Amino acid sequence: MNIQVVPEHKLCSVAPLYPCNVEKREVELVLVKDQNGVQYTSSSIVSPTPTNPSQVSDPGGPPGSSGEDERETWGKKMDFLLSVIGFAVDLANVWRFPFLCYKNGGGAFLIPYILFLLIAGMPLFYMELALGQYNRQGAATVWKICPVFKGVGYTVILIAFYVGFYYNVIIAWSIHYLFSSMAYELPWLNCGNKWNSVNCSDPKEKNITQHRGLHPLLQPVERCEVLWKGAMDGIRAYLHIDLNMLKKPKVWIEAATQIFYSLGAGFGVLIAFASYNKFNNNCYRDALLTSTINCVTSFVSGFAIFSVLGYMAQKHGVKIEDVATDGPGLVFIIYPEAISTLPGSRFWAIMFFIMLLTLGIDSSMGGMEAVITGLSDDFKILKKHRKLFTFATAFGTFLFALLCITNGGIYVLTLLDNYAAGTSILFGVLIEAIGVSWFYGVDRFSEDIERMMGFKPGLYWRLCWKFVSPTFLLVVVIASIVTHTGLELDGYVFPYWSEVLGWGVAMSSMMFVPIYAVYKFLSMPGTFKERIAYCITPEHEHHLVKEGKVRQFTAEASDGGRRRCVGGEAAGLGLKPPPSTLRLP
């Protein structure tokens with residue numbers, strides 16, 4: 001068979017031939033038959049023998065990646081999904097969302113909540129999963145796509161470390177209550193304990209007084225009637241619709257804040273978890289599934305919470321707003337008291353605190369994974385001694401957590417809960433969204449996703465990433481600062497110095513963003529423009545800066561003085577201008 005090789009300049013007479021990244025394959029021609037002088041053949045592509053073990057199990061990777069260090073992957077897809085769901089569905093789904101829904105118009109609160117889920121929550125969730133999966137790195141080193149923003153990686157890592165200080169204490173409380181529930185009699189059923197105050201009242205004596213004169217067979221019936229009536233009153237209070245509440249800006253701010261904290265974007269956990277996915281995993285489907293499950297869980301948990309609050313209000317003869325609360329007081333005071341009055345109270349108490357333990361521990365483990373993966377990917381010595389580093393991280397959080405179990409520990413916990421992951425985490429995700437959408441480029445990010453999954457994100461997602469989500473985050477950050485008031489816990493107003501300390505904790509993480517940006521700029525070689533170019537150009541394209549070509553810059557074009565976006569990276573929504581480059585002097 002004669003094979004004629006045509007010169008490259010004769011292959012196309014319409015347009016010049018541009019090089020394209022096509023993988024070279026060997027083709028095997030097999031003679032099938034020879035009939036009347038005509039040869040019939042069949043062809044097949046010969047699969048190349050992989051030289052790197054990592055190419056066998058997980059083909060593909062971001063540009064500039066090397067196969068020197070094979071990255072672990074999840075054993076099963078379900079492992080990843082359950083880990084992400086376990087992190088997102090945490091204690092806040094039980095003790096915060098139902099109370100916010102109740103006090104902000106009931107069912108009307110779902111309108112801004114679902115709206116912000118669609119325009120900000122899901123897009124940011126999707127963005128973090130795709131960012132981690134494509135680059136196969138933790139929260140810090142993932143910013144090789146735009147080195148000047150690496151400081152935001154350290155910001156979210158430090159925030160996750162701070163959260164571990166007090167979140168582990170809540171898990172410890174759950175363990176303590178769990179083992180206390182295994183006693184012959186629940187400890188909080190009587191007032192004979194050393195922690196009881198003078199205002200303690202014995203539930204048993206109340207029940208004897210209330211049931212006095214009733215036949216013993218009627219007492220369980222009367223108790224069930226109270227439980228049922230109170231539960232229905234609580235559910236009605238939870239689902240009541242007050243559309244007038246939507247006129248208050250505070251309702252919209254709290255809905256926006258809650259959807260953000262509920263999904264858990266910005267803690268570096270989603271990036272860390274997704275970095276262990278296979279390169280072609282469908283993270284788009286994972287984002288829709290896990291974020292939907294998280295929000296549905298928050299809504300359903302409200303039925304369990306307010307049925308109990310309604311029962312407690314009915315039992316004590318007070319209004320629901322008198323017993324409705326959020327935070328640790330709900331799950332460690334109100335709920336245990338309600339459970340103690342039910343038949344089989346020990347069993348229900350054990351089940352309840354097992355639930356709290358499982359809700360807390362997977363979220364806490366996710367936060368630690370963000371710290372460990374983020375730093376070990378950045379510092380090779382930590383990756384080499386990962387087990388020792390993991391132990392040091394866990395033991396360090398344990399030592400700091402001891403501050404939260406002192407006599408004033410609840411005040412330390414409240415301070416950290418409000419400042420360690422408050423405005424700082426909102427600020428971190430705002431910078432993250434700006435870095436990906438405006439500096440790395442929505443077009444390039446969409447191409448990365450197409451390379452992984454075979455399709456580009458739709459116009460809706462690109463609009464949200466570029467305009468809606470950053471605007472949403474900016475408004476929430478400003479609102480959280482403007483509407484901030486002094487801390488108060490059970491009538492105790494925190495002193496001024498504690499507020500200063502709290503803002504110092506918040507600023508300690510946020511300062512990594514400008515400090516690292518300045519450091520990166522000063523450490524780069526070349527002129528002012530070249531330094532900026534190095535800072536905003538992906539590391540695997542730094543050779544283009546040396547050649548005087550910068551894709552991210554917007555330069556004056558030579559045709560008529562029009563401004564055009566170089567390389568189409570910042571154009572954003574799929575509109576690719578004519579190719580151009582900026583020549584650095």
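Colleague: Is Cys-146 buried or exposed?

Modeller: Keep in mind that this is a predicted model. Buried means under 20% relative accessible area, and Cys-146 comes in at 0%. So Cys-146 counts as buried.

Colleague: Which cysteine sulfur is nearest to that of Cys-146, and how far away is it?

Modeller: A disulfide needs two cysteine sulfur atoms within 2.5 Å. Cys-146 is in no disulfide, and the count for the model comes to zero. The nearest cysteine sulfur belongs to Cys-535, and its distance is 8.4 Å.

Colleague: And what about Cys-101, buried or exposed?

Modeller: The cut-off for buried is under 20%. Cys-101 has a relative accessibility of 1%, so Cys-101 is buried.

Colleague: How much of the accessible surface belongs to carbon and sulfur atoms?

Modeller: The accessible surface of the chain is about 30,300 Å². The share that belongs to carbon and sulfur atoms is 64%.

Colleague: Now helix 11. What does it reach from its first C-alpha to its last?

Modeller: Helix 11 runs over residues 283-316, which is 34 residues. At 1.5 Å a residue, 50 Å is expected. The model comes close to that, with a reach of 49 Å.

Colleague: Which residue caps the N-terminal end of helix 11?

Modeller: Let's look at both ends. Helix 11 is followed by Gly-317, with a positive phi near 70 degrees. At the N-terminal end, a side-chain oxygen lies 3.3 Å from the backbone nitrogen of Tyr-284, and that oxygen belongs to the capping residue, Asn-282.

Colleague: Which side chain makes a 2.5 Å polar contact with that of Asn-93?

Modeller: Asn-93 is in helix 3, residues 91-95, and is buried at 2% relative accessibility. Beyond four places in sequence, its contacts include Ala-88, Ser-262, Asn-294 and Ser-301. The side chain that makes the 2.5 Å polar contact with Asn-93 is that of Ser-298.

Colleague: Which tyrosine does Ser-262 touch?

Modeller: Ser-262 is in helix 9, residues 249-263, and counts as buried at 2% relative accessibility. Leaving out residues up to four places away in sequence, Ser-262 touches Ala-88, Asn-93, Asn-294, Ser-298 and a tyrosine, Tyr-113.

Colleague: Last one: how far apart in space are His-176 and Phe-353, C-alpha to C-alpha?

Modeller: His-176 is in helix 6, residues 150-180, and is exposed, with a relative accessible area of 55%. In sequence, His-176 and Phe-353 are 177 residues apart. In space, the C-alpha to C-alpha distance is 9.2 Å.

How values were computed. Residues numbered from 1 in each chain as written. Predicted model: local features only at pLDDT ≥ 70, side-chain atom pairs only at ≥ 80, totals over all residues. Heavy atoms only, no water. Helix = DSSP H or I, 4+ residues; strand = E, 2+ residues; numbered from the N terminus. Expected span 1.5 Å × (residues − 1). Polar contact = N/O pair within 3.5 Å; in protein donor to acceptor, adjacent residues only side chain to side chain. Areas by Shrake-Rupley, 256 points an atom, 1.4 Å probe, with all protein chains shown as cover. Buried < 20%, exposed > 50% of the residue type's maximum accessible area, 1.4 Å probe, protein only. Contact = heavy atoms within 4.5 Å.
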